[in-house]
Number of protein chains: 2
Amino acid sequence: MKLLLVEDDKFHADYLKKAAMEALPEVTEILHALDGREGEKQARRHSITAVVMDLQMKERNGIDAARTIWAERPQTRILFWSNYSDEAYLRGIARIVPDESSYGYVLKTATRERLNLALRAVLLEAQIVVDQQIHKVQHQTRTHDTLTDSEYAVLIDMSLGLSDKLIAKRQGMSLRTVQNRLLSLYDKLGVDSLESSPDDIAINKRTRAITRALSLRAINTESLESAERDLQRWLHRSSS
Amino acid sequence: MKLLLVEDDKFHADYLKKAAMEALPEVTEILHALDGREGEKQARRHSITAVVMDLQMKERNGIDAARTIWAERPQTRILFWSNYSDEAYLRGIARIVPDESSYGYVLKTATRERLNLALRAVLLEAQIVVDQQIHKVQHQTRTHDTLTDSEYAVLIDMSLGLSDKLIAKRQGMSLRTVQNRLLSLYDKLGVDSLESSPDDIAINKRTRAITRALSLRAINTESLESAERDLQRWLHRSSS
DNA sequence: AACACAGTTGCGGGTTCCCGCAACTGTGTT
DNA sequence: AACACAGTTGCGGGAACCCGCAACTGTGTT
């Protein structure tokens, strides 16, 4: 059995390699890629079906790489190993896991035992393992002000600079509906007029919504860059 | 001589500690803080004058912590040790270094020799050391499309959601001047109407400027959150 | 002194955004 | 069947934004 590690931090990669050798004696060969692009290449060349993947990497992030890998070999089992529990990352992953496969999400701050356990459970037993701390975050946001899928889509488009009209076209909504989604976004993201002693001050809701969303970890730079690529593809497709 | 390490990643902290012991035999005690806030506290309690600091940490980032430390003991020498070479971080640091002090900026991907050298040069010899790779980035952006200080200030305010009128008030400019700064921002950040086959599509320049700035690493979530705190302070001050 | 050039300011108007009001759908509850 | 409730759509108007045109300041160059 071959295992592919995709991780651009050398310290973390070393640690990971040791943990994998300890937890998975059935692994005969450990490959190591330094970014997402290289990870895709090696997975393809060696027909890898077991991957441990970091999320934030320069060049190409883990989610985009996972998408490509799963598109080529949907049965591939991927354990994500990352620092943060951003909603943006979670949403990205849950969206692309194929039915035939399993995946896991472990924080880098987890103990060695937790990591070892997740390695075996996900890569050998094909179970789905999500760190407890993540589930908590996922539920926190889900109960009190989660974004709907359509709200999320509008948020992304808006952040990329699309006008209401264009968003309507891309999302297949009417103009007014887009604006309604925006209204609820402003509400959920806590975009209010700034409070000042004499009276409230008018603000630009769009831009404030973006920084609020960044601050709440509903989006991040990676997800925006990835969405920008999708947008460009859509533009070329829909213009022809 | 006492040395304070501020670093929330345990692998990196271990490595750093080893490097410091090797490069700086004159150090008698190594303290370790896990985030910016704790770093400030320990620096205060032990009257630390030599610090190695990570930039991105949860809770409180390295730049804010450095600001507090330098406000209390300006002669403190700080070596920043970080993953990225974001323009946002660089701008933040250059802005707050006191004259009496020295600082350095080393990438985590640098070799052990480079790190050791920087440790001695900055913390003992009070020299200023900036990683070569950083200077390159700094120059790249400075030659072809750097943001002026006033442009940067307007960009931040705009990203926080201020209206043109409010930005004018905060920056002491006229309305039209703010708009001129915005125009040059749109230009420098590459905010253009989207190109599509038939004709160009109108976009929302403000929001697109933000994502472009994020993508070009002119700003990042940290710097926005930090700026948000400044804004709140300004609001309370100016309303009373 | 003459000139270039970058930055500041006012004016005016076309476009987009923000959102209240109101009507209509669909899903689920009692 | 009656009802609540969340989501969709149109209309219309006030506010904010985007920006061309034009004039004025200041700094530095020749």
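Which helices each supply at least two residues of the surface near DNA strand C? They are α9 (175-188) and α10 (205-215) of chain A, together with α9 (175-188) of chain B. A residue is near a strand if one of its heavy atoms lies within 4 Å of it. Helices (H or I, at least four residues) and strands (E, at least two) are DSSP runs, numbered from the N terminus.

This is a predicted model, in which local features need pLDDT of at least 70, side-chain atom pairs count only at pLDDT 80 or more, and totals for chains, interfaces and linings use all residues. Residues are numbered from 1 along each chain as its sequence is written, chains are lettered from A and ligands numbered from 1 in the order in which they are written, and side-chain values use heavy atoms, with hydrogens and water left out.

**DNA strand C**

- Fifteen residues are in question here: of the 15 around DNA strand C, A:Arg176, A:Gln179, A:Lys205, B:Thr177 and B:Asn180 come nearest.
- By class, this surface near DNA strand C has four nonpolar, five polar and six charged residues. Ala, Val, Leu, Ile, Met, Phe, Trp, Tyr, Cys and Pro count as nonpolar, Asp, Glu, Lys and Arg as charged, and the others, Gly among them, as polar.
- Sugar or phosphate holds 55% of the atoms of DNA strand C within 4 Å of the protein, and bases hold the rest.
- A:Arg206 places a side-chain N or O atom 3.2 Å from a phosphate oxygen of DNA strand C.
- A:Asp164 has a polar backbone atom 3.4 Å from a phosphate oxygen of DNA strand C.
- A base oxygen of DNA strand C lies 3.4 Å from a polar side-chain atom of B:Asn180.

**DNA strand D**

- Of the 15 residues around DNA strand D, A:Thr177, A:Asn180, B:Arg176, B:Gln179 and B:Lys205 come nearest.
- Of the atoms of DNA strand D that come within 4 Å of the protein, 55% are in sugar and phosphate.
- α9 of chain A, with α9 and α10 (205-215) of chain B, each supply at least two residues of the surface near DNA strand D.
- That surface near DNA strand D has four nonpolar, five polar and six charged residues.
- A:Thr177 has a side-chain N or O atom 2.7 Å from a phosphate oxygen of DNA strand D.
- Bases of DNA strand D are also approached: a base nitrogen lies 2.8 Å from a polar side-chain atom of B:Gln179, and a base oxygen lies 3.2 Å from one of A:Arg176.

**Chain A overall**

- Chain A has eleven helices and six strands.
- Of its 240 residues, 54% count as buried. Buried means under 20% relative accessible area, exposed over 50%, and partly exposed in between (1.4 Å probe, protein chains only).
- Among contacts in chain A with a separation of 6 or more, 72% involve residues 24 or more positions apart. Contact means heavy atoms within 4.5 Å.

**Nonpolar cores**

- The largest nonpolar core has 59 residues, of which A:Leu155, A:Ile219, B:Leu155 and B:Ile219 touch the most other members. Such a core is a set of buried Ala, Val, Leu, Ile, Met, Phe, Trp, Tyr and Cys residues joined through side-chain atoms within 4.5 Å.
- A second, separate core has 42 residues, including A:Phe11, A:Ala20, A:Val52 and B:Val52.

- A:Leu79 sits in strand β4 (residues 77-82) of chain A. A:Leu79 counts as buried because its relative accessibility is 0%.
- Beyond four places in sequence, A:Leu79 touches residues including A:Val51, A:Tyr105 and A:Leu119.
- B:Glu151 belongs to helix α7 (residues 149-159) of chain B and is buried, with a relative accessible area of 3%.
- The side chains of B:Glu151 and B:Ser184 are joined by a polar contact of 3.0 Å. A polar contact is a pair of N or O atoms within 3.5 Å; within protein, one must be able to donate a hydrogen and the other to accept it, and residues adjacent in sequence count only if both atoms are side-chain atoms.

**Positive phi in chain B**

- B:Ala126, in the loop between α5 (112-124) and β6 (129-130) of chain B, has phi near 55°, a positive value in a residue other than glycine.
- B:Arg217, in the loop between α10 and α11 (221-239) of chain B, has a positive phi near 60°.
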